Amino acid sequence: MTFSSVVRAIASSPLLEELALQLERKSSLSLGGLARLPKGLVSSAIAQSKNAAICIVTHTLEEAGRWAVQLEAMGWQTVHFYPTTEALVYDQMPPEPEVVWAQMQVLADLMVDHLKPLAIVATVRALQVHLPSPDHLAAACGDLQVGQQIDLDQLAAKLTSLGYERTALVETEGHWSRRGDIFDLFPVASELPVRLDCFGDQIEKLREFDPASQRAGESLTSCRITPVNYSYLWDGVQEFAVHPRSESSLLDYLPPNCLVVIDELEQCRIYSDRAYEAAELSWQGLDRQLWQNPLHAPFAHCLEQIQAKYRYLQVSELTEVGIDLASRPLPVVPHQFGNLAKLIREYRGNSYRLVIVSAQPSRAVSLLQEHDCAAQFVPNPQDFPAIEKLHTGRTPVALKYSGLAEIQGFILPTFRLLLVSDREFFGQHSLGTPSYIRKRRRGNAKTIDPNKLSAGDYVVHKHQGIGQFLKLETLTIGG
């Protein structure tokens, strides 16, 4: 959440309010002159100012991966990376199970709660038909809840019909086992397997457990079961990259208030239409009894669907696209700390909001102070009052970030914002190259219940580190 305060600052600016109003009136808006990080900050600010979800559409999985790790630091409660197969729609090449399971994870989350603030990152392939309809998928899914009356034999039959396999020990997705009134299940859309403890015909407990040690973990109140793959909604056979009876795309699952952001429209158009042309050639030789309707469409058709259903934002690095927000890189060379301090002092005099993002924020602050440029490290990036107070006093704020996003400093004059990263300080780029790795959903009960802590227990605070629990104390504030 390193950039939460930056997103809040952009969202509160008069320019952002004007852009949001234009988007509301026209349902679409084009913004140019934005590098990768400013794209994410401005897009997030627009969506969060309207309490809307956001869906980023890029041209490749690699670019989608960069967006996903970036958005995780921008105040979104949930960030989903929606993967798609690289095979053509009619190829006789079933999608990898990990891809399908990751899609199920996203779709299950979208079907459960449309009001949750979430961000989804996908490629242009997700705009093509490759899914069952939301109603069809929802009818096949099921929910398990504590206190629910249940027949374990019927549950076993339901799981078998959805493609789950009975095993002696549940260790991976799509497996289930039963020992008396204890029922273990690993839903493909979950991070961890779930253990049902039943008393008679009633679910008494739902708990996650470690598939390696089989030890029970945190308690849950509910759990959603989805099919192992889409084919089990029809005939149970998945021979092609997309099932012939598919009828929907990711667009049909997005919440109504979602803001769809197209990153580099022309690149998306080129990649999408290239795949369309290849699919069109394949379509000519297909068995019409199996493939009754074409599942491929040109990018222009996908764009029409977006504009008909959602507010739509186009962002680009090109300055001639739409409204030019004129972001530019910092004119500094790494390790030239004196010149960097001079640049920061110059923009401080122009009343810019100054932000330093570094994996070594204390060192960055010390280096600036050695060159007569005061700055302050704020350990908690969500301590908004402290951050705002420093900005009001024109003091550069240093925040810690050690994630995988490719962070490069920039000057954004339209929002009077200057951001400095480790690239400008030390020449360091990202700590790793983002690629697609399926991220399991976090458990629903990962937070610690303070009422279960005993004096002397060790705890780890997200921002303050390791400590020891002493007691709970009630404080009276403001009378």
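Biologist: Why is the pairing of Glu63 with Arg36 called a salt bridge?

Modeller: In this predicted model, the closest N and O atoms of Glu63 and Arg36 are 3.0 Å apart. A salt bridge needs a side-chain nitrogen of Lys or Arg within 4 Å of a carboxyl oxygen of Asp or Glu, so the pair qualifies.

Biologist: Where in the chain do the two partners sit?

Modeller: Glu63 is in helix α4 (residues 61-71) and Arg36 is in helix α3. They are 27 residues apart, and the pair links distant parts of the chain.

Biologist: Is Glu63 buried or exposed, and how do you know?

Modeller: Glu63 has a relative accessible area of 11%. Buried means under 20%, so Glu63 is buried.

Biologist: What makes Arg36 partly exposed?

Modeller: The relative accessibility of Arg36 is 22%.

Biologist: How many salt bridges does the rule give?

Modeller: The count comes to 17 salt bridges. One of the pairs is Lys309 with Asp252.

Biologist: How do you know that Lys309 and Asp252 form a salt bridge?

Modeller: Their closest N and O atoms are 2.5 Å apart. The limit is 4 Å, so this pair meets the rule. Lys309 lies in helix α9 (residues 299-309), and Asp252 lies in the loop between β12 (222-225) and β13 (259-263). The two residues are 57 residues apart. Lys309 is partly exposed at 39% relative accessibility, and Asp252 is partly exposed at 28%.

Biologist: What about Glu266 and Arg269: where do they lie?

Modeller: Both lie in helix α8, three residues apart, which is about one turn of the helix. Glu266 has a relative accessible area of 47% and Arg269 has 25%. Buried is under 20% and exposed is over 50%, so Glu266 is partly exposed, and so is Arg269.

Biologist: Helix α8 also has a part in the largest cavity. What does α8 give to its lining?

Modeller: α8 gives four residues to that lining, the most of the elements. The structure holds one cavity of 30 Å³ or more, and the largest cavity has a volume of about 330 Å³. Of the 27 residues that line it, the closest to its centre are Val89, Arg125, Gln128, His130 and Val242.

Biologist: How do the lining residues of the largest cavity divide by type?

Modeller: There are 16 nonpolar, 10 polar and one charged.

Biologist: How much space lies in the second largest pocket, and which helix gives the most to its lining?

Modeller: The second largest pocket has about 280 Å³ of space. Helix α3 (residues 36-49) gives the most to the lining, with three residues. The pocket is lined by 16 residues, and Arg36 is among those nearest its centre, with Ala35, Leu37, Glu317 and Gln408. The lining has seven nonpolar, four polar and five charged residues.

Biologist: Why does Ile466 count as exposed?

Modeller: Ile466 has 70% relative accessibility, and exposed means over 50%, so the label holds. Ile466 is in strand β22 (residues 465-468). With Tyr458 and Val460, Ile466 forms a nonpolar patch on the surface, and together the three have about 430 Å² of accessible area.

Biologist: Is Ile411 buried or exposed, and how do you know?

Modeller: Ile411 has a relative accessible area of 1%. The cut-off for buried is under 20%, so Ile411 is buried. Ile411 is in strand β19 (residues 410-412).

Biologist: What stands out in the phi of Ser27?

Modeller: Phi of Ser27 is near 70 degrees, a positive value in a residue other than glycine. Ser27 is in the loop between α2 (14-26) and β1 (28-32). Ser351 also has a positive phi, of about 60 degrees, although it is not a glycine. Ser351 is in the loop between α10 (337-349) and β16 (353-358).

Biologist: What makes Ser27 and Ser351 partly exposed?

Modeller: Ser27 has 32% relative accessibility, and Ser351 has 39%. Both values fall between the cut-offs of 20% and 50%, so both residues are partly exposed.

Key:
Residues are numbered from 1 along each chain as its sequence is written. This is a predicted model: local features need pLDDT of at least 70, side-chain atom pairs count only at pLDDT 80 or more; totals for chains, interfaces and linings use all residues. Side-chain values use heavy atoms; hydrogens and water are left out. Patches are made of residues with over 30% relative accessible area and no salt bridge: like charges are joined within 9 Å, nonpolar side chains (Val, Leu, Ile, Met, Phe, Trp, Tyr) within 5 Å. Accessible areas come from the Shrake-Rupley method with a 1.4 Å probe; for residues, only the protein chains shown count as cover. Buried means under 20% relative accessible area, exposed over 50%, partly exposed in between (1.4 Å probe, protein chains only). On a 1 Å grid over the protein atoms alone, a cavity is a set of points where a 1.4 Å probe fits but cannot get out, and a pocket is an open set with protein on both sides within 12 Å along at least five of seven lines; lining residues have an atom within 4 Å of a point. Grid points are joined across faces, edges and corners, and a volume is the space filled by probe spheres set on the points. Ala, Val, Leu, Ile, Met, Phe, Trp, Tyr, Cys and Pro count as nonpolar, Asp, Glu, Lys and Arg as charged, and the others, Gly among them, as polar.
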